Amino acid sequence: NFEQAIEYHRQHLSIAKKRGNRAGEGHACAGLGNSYYGLGNFEQAIEYHRQHLTIAKEIGERYGEGKAYGNLGNAYQRLDNFKQAIVYHKQHLSIAKEIGDRAEEGRAYGSLGIAYVTLGNFKQSIEYQEQYLSIAKEIGDRAGEGETYRNLGIAYYGLGNFKQAIEYHEQNLS
């Protein structure tokens, strides 16, 4: 129920502003951005994720900054602006590595892989997806592992390697 979520995030944002809680403002903006993304309003999502990014930078919240970059990348991807999405996903990846957040690092690799497969650069996509798969296995992220098998199947299909594509899709099913 994204409409209801937006109402609550707006209340959160209002209270955080009244209290001068910049971190709270950033988190509310992130929630608003994710809610608008869920509604398919990617332009509005980008506006809120940019506000979150600005606040996260201002207060030195590196994790929030990384998440904002990742969310911006996802929104630009949905607008078919894959080159801009890649720029943001690489910034997300850089921060995730810097702060040692393996889960976010994996998600950034996965997002990069999706962007590259959409651009038709299947080999680059496979490189990123393999890095995500390695991390997903390392941290026990079974959902991420399955998602990566699916994405590897798509990339190998794009290369015309149907046998390998089938193997990855079967792994995703299991």
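## The cavity

Tyr 63, Gly 66, Lys 67, His 92, Ile 95, Ala 96, Ile 99 and Glu 104 line the largest cavity. A cavity here is a set of points, on a 1 Å grid over the protein atoms alone, where a 1.4 Å probe fits but cannot get out, and lining residues have an atom within 4 Å of a point. Its volume is about 30 Å³, taken as the space filled by probe spheres set on the points, with grid points joined across faces, edges and corners. Searching the whole structure turns up 1 cavity of 30 Å³ or more.

Who supplies the lining? Helix 4 (62-78) and helix 5 (82-99) each give at least two residues, and helix 5 has the largest share, with 4 residues. Helices are DSSP runs (H or I, at least four residues), numbered from the N terminus.

Before going on, a word on where this comes from: the model is predicted, so to speak of local features pLDDT has to be at least 70, side-chain atom pairs count only at pLDDT 80 or more, and totals for chains, interfaces and linings use all residues. Residues are numbered from 1 along each chain as its sequence is written, and side-chain values use heavy atoms, with hydrogens and water left out.

## The pocket

There's a pocket to look at too, meaning an open set of points with protein on both sides within 12 Å along at least five of seven lines. The largest pocket has a volume of about 300 Å³. It is lined by 19 residues, and the closest to its centre are Gly 70, Asn 74, His 89, Arg 107 and Ser 111. Helix 4, helix 5 and helix 6 each bring at least two residues to the lining of this pocket.

## Salt bridges

How many salt bridges does the model have? The count comes to 11, where a salt bridge is a side-chain nitrogen of Lys or Arg within 4 Å of a carboxyl oxygen of Asp or Glu. Arg 107 is partly exposed, at 36% relative accessibility, while Glu 104 is buried, at 4%. For these words, buried means under 20% relative accessible area, exposed means over 50%, and partly exposed is in between (1.4 Å probe, protein chains only).

Arg 102 and Glu 138 form another bridge, at 2.5 Å, N to O. Arg 102 is in helix 6 (residues 102-118) and Glu 138 in helix 7 (residues 122-139), so this pair ties together parts that are 36 residues apart in sequence. Arg 102 is partly exposed at 29%, and Glu 138 is partly exposed at 48%. Over in helix 3 (residues 42-59), Arg 50 and Glu 47 lie 3 residues apart, about one turn of the helix, and their side chains meet at 3.8 Å, N to O. Arg 22, Glu 25 and Glu 58 are linked in a network of salt bridges.

Ser 35 belongs to helix 2 (residues 22-39) and is buried, at 4% relative accessibility. What does Ser 35 touch, leaving aside neighbours within four places in sequence? Its contacts (heavy atoms within 4.5 Å) are Phe 2, Ala 5, Ile 6 and His 9.

Ser 125, in helix 7, is buried as well, at 1% relative accessibility. With neighbours within four places in sequence left out, Ser 125 is in contact with Gly 113, Tyr 116, Val 117 and Ala 155.

## Out on the surface

Tyr 157, Phe 162 and Ile 166 make a nonpolar surface patch of about 350 Å². Patches are made of residues with over 30% relative accessible area and no salt bridge: like charges are joined within 9 Å, and nonpolar side chains (Val, Leu, Ile, Met, Phe, Trp, Tyr) within 5 Å. Accessible areas come from the Shrake-Rupley method with a 1.4 Å probe, and for residues only the protein chains shown count as cover. Tyr 157 is part of helix 8 (residues 142-158) and is exposed, with a relative accessible area of 56%.

Asp 80 sits in the loop between helix 4 and helix 5. It is exposed too, at 58%, and its phi is near 65°, a positive value in a residue other than glycine.
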